[in-house]
Amino acid sequence: MEKLIITAAICGAEVTKEHNPAVPYTKEEMVREAKSAFEAGAAVIHVHVRWDDGTPTQDRERFREILDAIKEACPGVILIPSTGGATGMTPEERLQPTELFPEMATLDCGTCNFSDDIFVNDMPTMRAFGKRMIENGIKPEYECFEIGHLDTVLNMAKKGEVPGAPMQFNFVLGVNGCTPATPENLAFLVNKIPAGSTWTVTGVGRGAFPMAACGIIMGGNVRVGFEDHIYLGRGQKAQSNGELVAKVVRLAKELGREVANPDEARVILGLKK
Ligand code: KMH
Ligand code: ZN
């Protein structure tokens, strides 16, 4: 089995300091959280940004400032800025971080319920995002919240509407209103991806560490972080993203899987030979 790539989704767009006071908003807080995750063993940081008051934004210059600061604090780390942003944002707003030519960015693969909201990713939106990523040489991380999302993006890849092989998928399971975080659902998805692809699993809420364990033993990769869950254990709020990553590192060690550093992760993801 390849080494395990751990992604830390340190901030997200929905979770707030009311849920967990360690959720980062400011540049300094973002750097603190990225560094804690990186030092604990994360090779990848998935980045959303906020204004200092916690409001989610896709502002290009805010992304530039925060991506640069994280790069400086975490040498070599792979950054995956979000093009999902928050529900209700326009496609144009969401696309701004792609203007910075990151090596990777998320590409959300379909519309879905998202708790009480609707996360809109219709076909014209996805085609525009795919085109931008092809033009700007960005490798997408294909975010699939629903089983149909995978089928959609595989068809788009066949038509050349999004970047093709080797594709990297992130199966985000357990969002309220979407596919539940179960081993059966994960196995169904993993069995459908083309040979040579890579995949990550993200378990939202209480599914976080059970899904991490599945990812480790099934040969996939794992995402954890405040975007997806805020607890280290039952009733125990994590004090940093680093604590969540450290728990995955411990699980991997117990289960006999080595953890990849950013350079090794780049090779596994096909970013580098
Ligand atoms: N905040 C969610 C509505 C992504 O980063 O691409 C979407 C999301 C996906 O977080
Ligand atoms: Zn995200």
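This section describes the ligand site, strand pairing, salt bridges, surface and backbone features of a predicted model.

Residues are numbered from 1 along each chain as its sequence is written, and chains are lettered from A and ligands numbered from 1 in the order in which they are written. In this predicted model, local features need pLDDT of at least 70 and side-chain atom pairs count only at pLDDT 80 or more, whereas totals for chains, interfaces and linings use all residues; side-chain values use heavy atoms, with hydrogens and water left out.

Ligand 1 is surrounded by Glu14, His46, His48, Ser82, Gly84, Gly85, Thr87, Thr106, Asp108, Phe114, Phe119 and Glu227, where a residue is near a molecule or strand if one of its heavy atoms lies within 4 Å of it. Polar contacts (pairs of N or O atoms within 3.5 Å; within protein, one atom must be able to donate a hydrogen and the other to accept it, and residues adjacent in sequence count only if both atoms are side-chain atoms) were examined for this ligand. An N or O atom in the side chain of His46 is 3.1 Å from an oxygen atom of ligand 1. A polar backbone atom of Gly85 is 2.8 Å from a nitrogen atom of the ligand, and a polar side-chain atom of Thr106 lies 2.7 Å from an oxygen atom of ligand 1. Of the 300 Å² of accessible area that ligand 1 has on its own, the protein covers 99%; accessible areas come from the Shrake-Rupley method with a 1.4 Å probe, and for residues only the protein chains shown count as cover.

Ser82, one of the residues around ligand 1, lies in the loop between strand 5 and helix 3. Helices (H or I, at least four residues) and strands (E, at least two) are DSSP runs, numbered from the N terminus. At 2% relative accessibility, Ser82 counts as buried; buried means under 20% relative accessible area, exposed over 50%, and partly exposed in between (1.4 Å probe, protein chains only). A polar atom of the Ser82 side chain lies 3.0 Å from the backbone nitrogen of Gly85.

Strand 5 (residues 78-81) has Ile78 and Ile80 pointing one way and Leu79 and Pro81 the other way, and all are buried. Strand 5 pairs with strand 2 (residues 44-47) in the parallel sense over four bridges, pairing being assigned if DSSP finds at least two bridges between two strands. In this pairing, Val47 stands opposite Pro81.

Side chains of opposite charge can pair when their charged atoms come close. The structure holds 18 salt bridges, each being a side-chain nitrogen of Lys or Arg within 4 Å of a carboxyl oxygen of Asp or Glu. The side chains of Arg60 and Glu99 form one of them (2.9 Å, N to O). Arg60 lies in helix 2 (residues 60-73) and Glu99 in the loop between helix 3 (91-94) and strand 6 (104-108), so the pair ties together parts that are 39 residues apart in sequence. Arg60 is partly exposed at 32% relative accessibility, and Glu99 is partly exposed at 36%. A network of salt bridges links Arg60, Glu61, Arg64 and Glu99.

Glu39 and Lys35 also meet in a salt bridge (3.5 Å, N to O). Both lie in helix 1 (residues 27-40), four residues apart, about one turn of the helix. Glu39 is exposed at 59% relative accessible area, and Lys35 is partly exposed at 34%. The salt bridge between Arg223 and Asp228 (2.8 Å, N to O) involves two buried residues, with relative accessibilities of 3% for Arg223 and 7% for Asp228.

Ser240 is found in the loop between strand 14 (236-237) and helix 8 and is buried, with a relative accessible area of 15%. The Ser240 side chain reaches the backbone nitrogen of Gly242 at 3.2 Å, and a polar atom of this side chain lies 3.1 Å from the backbone nitrogen of Glu243.

Most residues other than glycine have a negative phi, and most peptide bonds are trans. Phe101 has a positive phi of about 55° although it is not a glycine; Phe101 is found in the loop between helix 3 and strand 6 and is exposed at 54% relative accessibility. Ser115 likewise has a positive phi, of about 50°, and is found in the loop between strand 7 (112-114) and strand 8 (117-119). The peptide bond from Ala165 to Pro166 is cis, with omega near -5°, and Pro166 lies in the loop between helix 5 (147-158) and strand 10 (168-173).
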